[in-house]
Amino acid sequence: MAEAVGQIGGMSPGCAARVRGADGTRAFVKAVGADLNPDTPTLFRREIGGVPSAEALDRDTTI
C-alpha cells in the first residue's frame with residue numbers, strides 16, 4: 001500500500017478509504033466488523049455483487 005485516504009461520512013458503522021498500491025492500482029475499500037452491527041457485513045457483500053463495473057480484489061472479508 002502506497003497511500004490510503006480515509007473517507008468521512010457515510011451511513012455504515014465502519015471505515016472506508018481510497019487506497020493506491022505501489023504499482024498504481026487504485027481501489028475503494030470498506031471494512032466493518034459484526035460487533036458494531038451484525039447485518040452490515042452481509043450488506044457489504046451484497047453491495048459488491050450489485051456493482052457490475054466494480055472488480056472485487058478480494059471478496060473474502062473475514063480476517
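This is a predicted model: local features need pLDDT of at least 70, side-chain atom pairs count only at pLDDT 80 or more; totals for chains, interfaces and linings use all residues.
Residues are numbered from 1 along each chain as its sequence is written, and side-chain values use heavy atoms, with hydrogens and water left out. Local features need pLDDT of at least 70 and side-chain atom pairs count only at pLDDT 80 or more, whereas totals for chains, interfaces and linings use all residues.

Three strands form an open sheet in the order β1-β2-β3 with antiparallel pairing, where strands (E, at least two residues) and helices (H or I, at least four) are DSSP runs numbered from the N terminus, and two strands pair if DSSP finds at least two bridges between them. Because β1 (3-6) and β3 stand at the edges with a single partner strand each, one side of each is left without a neighbour in the sheet. Between β1 and β2 (residues 15-20) the antiparallel pairing extends over four bridges, and V5 stands opposite R18 in β2.

In helix α1 (residues 40-49), the residues T40, P41 and F44 are buried, that is, under 20% relative accessible area with a 1.4 Å probe and protein chains only, exposed being over 50% and partly exposed in between. Seen down the axis of α1, the buried residues fall within an arc of 100°, so they line one face of the helix; the arc is that of the directions from the helix axis to the C-beta atoms. On the other side of α1, R46 and G49 are exposed. The cover over the buried residues of α1 includes β3 (26-31), contact meaning heavy atoms within 4.5 Å.

K30 lies over the face of F44, at 4.6 Å from the ring centre, under the criterion that NZ of Lys or CZ of Arg is within 6 Å of the ring centre and within 35 degrees of the ring normal.
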